[in-house]
Amino acid sequence: MPKQMSRHSTVLKSPRRQAGKPRPHSGEPTHGPLTAEELQLAVRNHSMPLEALRKDTTPPGLHYVLTHFDIPFIDTDHWHLQIGGAVQRSLELSFRALLRAPSITIPVTLECAGNGRSLLRPRPLSQPWVLEAVGTAVWTGVPLAYLLTQAGVEDDAVEVLFSGVDTGVQGGVRQQFARSLPIEEALRPDVVLAYRMNGAELPPQHGYPLRLVVPGWYGMASVKWLSSIKVLTRPYDGFQQAVAYRYQEDADDAGTPVTWMKVRSLMVPPGVPDFFSRSRILPPGPVLLTGRAWSGQGAVQRVDVGIDGKWAPAHLEHPPAPFAWCAWSMPWVADPGEHEVSCRATDASGAVQPLEPVWNYQGMGNNVVQRIKVTVGQ
Ligand SMILES: Nc1nc2c(c(=O)[nH]1)N[C@H]1C(S)=C(S)[C@@H](COP(=O)(O)O)O[C@H]1N2
Ligand SMILES: [Mo]
């Protein structure tokens, strides 16, 4: 069982806290009802309706969205991408110059690291995702490695820093959204500076005119509204790297960085929903349960489907690309009554989704199995 935060677990005793260490978000995790601040975040940042799991590629309006500050509206006539830092030649590229560079097109499943957060007890206060902060888009753009090679990365480079134009305050710290990647990740051939999503112009909420897409990593790595890329000779210690996006026991734990997506599967809820509870209603008889599964830590090897706690392996299809989700299906003959249907994926690293949530202070990487209540009747 994870360490529980008592209501009195004020961290003021901690020397690090007294030193004014910035916090990832405001307030201690709570057992209370959803707050007005969480609702405000939830209506700005939407998840993917689970029925969209039917599609290989998520239409842009259904793909989840997570934006920390405000969506900037960028005029490409006045926008440039700067590439500098520990490189032999700094570059400044216009949008038109980027369109002339070599391009790749790649399907990638993105998932927010906070997906599953609202299911944790106590509940970390931040964007209160349930289970569907995910989507798979086909991204087109310039391979990052191509531009880094053009710039000429110096031998002592350790990381590459990506900054968006969006700014705001988080944890009391005024900042531009910025994240770094280790140099070996930045030089992977499939990391892309994307200017198209599903064959169309990038929508404003997904990073127009240019965003990074890092296949396999949780979404925070894929910086939107990119304006600068800087090769670093020391690890980046900005807010979104050193304070936010860490697996922490408590506020004073330095924690470990959030990186690759954990294995997860989701199911298209069968039947029809009850409007208010979203529980499912299904006629008796055969039904094909379907869904998708993905992992950033090794290909999905199996998906098991649980009917009232009894597990059996589902049929698994090949993913369209290494870091795009794969489809699974399982026939079920539903008998009248109340049921719970579930799915659970295992990846090539041997990792399997936990049956109960694993708690951490920021509510990161909760890949607990999905459970759906179904009423089977006429
Ligand atoms: N510039 C910028 N990039 C960003 C963010 C942001 O707030 N600003 N949010 C990050 C997070 S936490 C996630 S999960 C993904 C979400 O990408 P999407 O909104 O296109 O689904 O973008 C990442 N890139
Ligand atoms: Mo995220």
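One term first: buried means under 20% relative accessible area, exposed means over 50%, and partly exposed is in between, with a 1.4 Å probe and protein chains only. Trp225 is buried, at 1% relative accessibility.

Some ground rules. This is a predicted model, where local features need pLDDT of at least 70, side-chain atom pairs count only at pLDDT 80 or more, and totals for chains, interfaces and linings use all residues. Residues are numbered from 1 along each chain as its sequence is written, chains are lettered from A and ligands numbered from 1 in the order in which they are written, and side-chain values use heavy atoms, with hydrogens and water left out.

Back to Trp225. Its phi is positive, about 50°, and it is not a glycine. Most residues other than glycine have a negative phi, and most peptide bonds are trans. Where does Trp225 lie? In the loop between strand S9 (211-213) and strand S10 (226-232). Helices here are DSSP runs of H or I with at least four residues, strands are runs of E with at least two, and both are numbered from the N terminus.

Arg278 also has a positive phi, near 65°. Buried or exposed, or in between? Arg278 is partly exposed, at 47% relative accessibility. Look for it in the loop between strand S14 (272-273) and strand S15 (280-282).

Now the cis peptide bonds. One joins Arg121 and Pro122, with omega about -5°. Pro122 sits in the loop between strand S3 (104-111) and strand S4 (134-143). Another cis bond joins Tyr208 and Pro209, with omega about 10°. Pro209 is in the loop between strand S8 (200-201) and S9.

On to two loop residues. His63 lies between helix H2 (36-44) and strand S1 (80-85). His63 is buried, at 1% relative accessibility. Contact means heavy atoms within 4.5 Å. Leaving out residues up to four places away in sequence, His63 touches several residues, including His46, Trp139, Met197 and His206.

Gly27 is in the loop between helix H1 (15-18) and H2. Gly27 is partly exposed, at 41%. Beyond its neighbours within four places in sequence, it contacts Leu125 and Tyr361. The C-alpha atoms of Gly27 and Pro124 are 8.3 Å apart, although 97 residues separate them along the chain.

Last, the annotations. UniProt positions use the numbering here, feature names are shortened, and annotations may be inferred rather than shown by experiment. An unreviewed UniProt entry gives "domain: Oxidoreductase molybdopterin-binding" for residues 68-239. That span is 11% helix and 40% strand, with its end C-alpha atoms 12 Å apart. UniProt, again in an unreviewed entry, lists "domain: Moybdenum cofactor oxidoreductase dimerisation" for residues 261-376. Residues 261-376 are 0% helix and 52% strand, and their end C-alpha atoms lie 34 Å apart.
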